There are 2 protein chains.
Amino acid sequence: MAQRVVVIGGGGGGLGAAGGAKAVDPSAQVTVYTEYEDVAYSPCGIPFVHGKEIPSFEALFLAEKQAYVDAGIDVHYETRVSSIDRANRTITVDGEGTVGYDSLVISTGFVYADPGVPGAGLDGLYYVKNIRDAMEWDKRLDTVKKAVVVEAGPLGIEMVTALAHRGIETHVIDPNPWCLGELLDPDIAEVVQESWTELGITMHWNTTLLGFVDNGSGSVGGVSTSGGTIDCDLVVVATHKQPNNALAVAAGIAIGTTGGVIVDETMKTSDPSIWACGDVCEIPHGNASLPLQGLTGSHAYAQGKVAGANAAGGSRVYNSVYIPWGMVAGKWMIGGAAFGEVAADALGMPYVLGVAEGISRARYYPGVKKVKVKLLAEPGTLRLIGAQMIGGEGIKERADFLGVAVKKGLTLFDLATMENVYSPPIGALNEPIAVAAQNGVAASRSA
Amino acid sequence: MAQRVVVIGGGGGGLGAAGGAKAVDPSAQVTVYTEYEDVAYSPCGIPFVHGKEIPSFEALFLAEKQAYVDAGIDVHYETRVSSIDRANRTITVDGEGTVGYDSLVISTGFVYADPGVPGAGLDGLYYVKNIRDAMEWDKRLDTVKKAVVVEAGPLGIEMVTALAHRGIETHVIDPNPWCLGELLDPDIAEVVQESWTELGITMHWNTTLLGFVDNGSGSVGGVSTSGGTIDCDLVVVATHKQPNNALAVAAGIAIGTTGGVIVDETMKTSDPSIWACGDVCEIPHGNASLPLQGLTGSHAYAQGKVAGANAAGGSRVYNSVYIPWGMVAGKWMIGGAAFGEVAADALGMPYVLGVAEGISRARYYPGVKKVKVKLLAEPGTLRLIGAQMIGGEGIKERADFLGVAVKKGLTLFDLATMENVYSPPIGALNEPIAVAAQNGVAASRSA
């Protein structure tokens, strides 16, 4: 009889798991449950449709529902799983009753942290997540004059720019002293924020959310903060992503310090018949074995493939993460890998710093952009422990490289002597990564 | 008394050497001799001014002559060095007589290979090199109707596109079966050449140059080839770059199989008081210790800094090269590192191949471009031995990464499990390098 692989969640992790299971065992009976109307769209694209960089929501759909039928994956849409019975290896599905599994993959994603303030039930509070909801909110954005974004994390950064592009008077409040304050170094943030000022965005740092204010008819009319009240007719609530762990917790599966499901290197949970992947679980950081949670869709998808393959009898391993990251922020791209100065300082980790401001093409070639690179390395060995960057192009590719460089133990000496492509339209004489490394080596000698 | 460091050549290598010497010994008396009117401009930018991508030649100048005066570097312009007397440590300088040195750096660059056919003395044969000449040729291009580019090497590829952008009917002849035939894999070349066809360029492959045809008044009126005569009113002679080794040969300095000056890892020649750098010397390839010659301006500059530093008493090392490379070709960027299939086949080197066609941003994000990645790895270990790529963006940064990956011995396993940035405007869910590596691992298992 075909083995039954059940996946809870239809996001990148869940669909990665379904595909991973089918790849290992094409005869497996693979069922995916999702509470939503759709699978296989890119929620990461929503802010850019709001900002009119992408012309329509339809573009965000990656595959037709028929594609999953053709792949032999049985997707149950708008279907909630209400509990897991580990002893009997069953789940309870609303409207379907009890469903058995041989292997279960939990990929229930994230929920936004509850802001925990009065007024959370008002109309006009937008939690960016589901595409059908986003389509409705997008129509409403045409009528919005003034908006407040709560928290300048990754989603908040994208939404701030999107609203400003939309011509909406945009404010952002955040308890940190600058954007992405728990991750981003202040010298990088400063440049981003200059470009926000150019876009007309008003920033309220070191500012705590106290409540949402009723406009008198049940909709939001303002945001109450530690710095006073900001009038508005829409709020984007972009609080931290937390693991959507309710099902796992209720089932008694082990949960880590971040609230994420604990998994081993095969993505298996504390129950040998249950795997987890994506935002619902936590993953050790490669530098320091810190548990991390709330990574990217790319991580979720890759974890899903491993979890699904193993759930179907495979033996794949998911490595510790070094988290190359990157995004557009204002008119810049920002990115990095592993630790910047803020994270290293918070962990009490000593480091040598190498910094360079370079350019992306020959100085005289049209479209040339600034590229600033900061490299952090372990004193003595000069082994790379992280990087942060801001620039106009090539940030994602450099972040990918530096993520591998941290993972493989490359040093500033390795990077200082790297060769680089020099061709006026695509690369400058001196690669900023190499110059930053040379400066770091010099700094370590004069220290 | 201050040591006398003499540099012959004012290109990237020579100026790198002058700066490298001053950095090690600020009191050194550093003199640079150049036959040209200028130093510190970017000859690599010339094709792009011809193609009107860059508005003027003035943009190509990197520094004022005063900058070298201020740095204590004495540049003698339009001054030819006619011989080196190693026994007495002197050189003979036209118009200056005998000049002594403590350390000498030879950075005399390249000459184009003599096409060795009749008609080489005609007017209308353009060898792209000197910026003052280029300014004159650029005016002439306004009157040119039809041009032939001889050889589709790196410069030929850039000039073909530049002439077509200029509205000139452009032909290219080359003895190889496709462009960059000794380096580029045919599947990559095919895509480039499709875009040349779109640009209206006529290609003549497997075609040997037989002579330049006189138009009856001492100017070129056509190119005689193994495939017939092509009428034209201008020829760009883009033959191979050969080491400009005449001074070194006459002085009895050891020369290698490529014609380049042999240097050790400190860039020292067979004479312990003489260093060399840039296109005049040959450098061992890291994969196979093959000597290579005719690399990039970035290599020349880096070699110059090492040669100059050591000439002034320093102790720096220049590593073997793995040659990340990249350029614009037609409407694409092409690039790679170390060996592609053509080079590996020519060397009889076995390899596992991993190929992926991916994209540079989210599929739905405006400006998304194709990125094709080919990875070659040693059978068994799957250690990376090279890469080739074609795409619309991010080729230079990926080539730099893969050059380091080859040098540091990374494997397809390492690249298959690399993390990558996923953010719709700047990076796709799946990085093409990772997918190519995954495909290579799969190919090695089914082999």
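Biologist: What does the domain assignment of chain A give?

Modeller: Chain A is assigned domain 1 (4-110 + 242-311), domain 2 (125-239) and domain 3 (325-446); the bounds come from an automatic or database domain assignment. This is a predicted model, in which local features need pLDDT of at least 70, side-chain atom pairs count only at pLDDT 80 or more, and totals for chains, interfaces and linings use all residues. Residues are numbered from 1 along each chain as its sequence is written, while chains are lettered from A and ligands numbered from 1 in the order in which they are written.

Biologist: How many residues do domain 2 and domain 3 of chain A put into their contact?

Modeller: Domain 2 of chain A supplies 13 residues and domain 3 of chain A supplies 13 residues, where contact means C-beta atoms, placed from the backbone, within 7 Å. On the domain 2 side, α5 and α6 of chain A each supply at least two residues, and α6(A) gives the most, with five residues. Helices here are DSSP runs of H or I with at least four residues, strands are runs of E with at least two, and both are numbered from the N terminus.

Biologist: Let us turn to α5(A). Is it mostly covered or mostly open?

Modeller: It is mostly covered, as eleven of the twelve residues of α5(A) are buried. Buried means that 20 or more other C-beta atoms, placed from the backbone, lie within 10 Å of the residue's own. Among the buried residues are Pro154(A), Ile157(A) and Leu163(A).

Biologist: What covers them?

Modeller: The cover includes α2 (46-50), β10 (146-150), β11 (169-173), α6 (186-198), β16 (234-237) and β22 of chain A.

Biologist: And what follows α5(A)?

Modeller: Gly167(A) follows α5(A), and its phi is positive, near 85°.

Biologist: Next topic: how many residues of chain A are in contact with chain B?

Modeller: In chain A, 54 residues are in contact with 54 residues of chain B. On the chain A side, α8 (297-311), β22 (325-329), β23 (332-338) and α10 (395-407) each supply at least two residues. The most comes from α10(A), with nine residues.

Definitions and conventions
Two residues are in contact if their C-beta atoms, placed from the backbone, lie within 7 Å.
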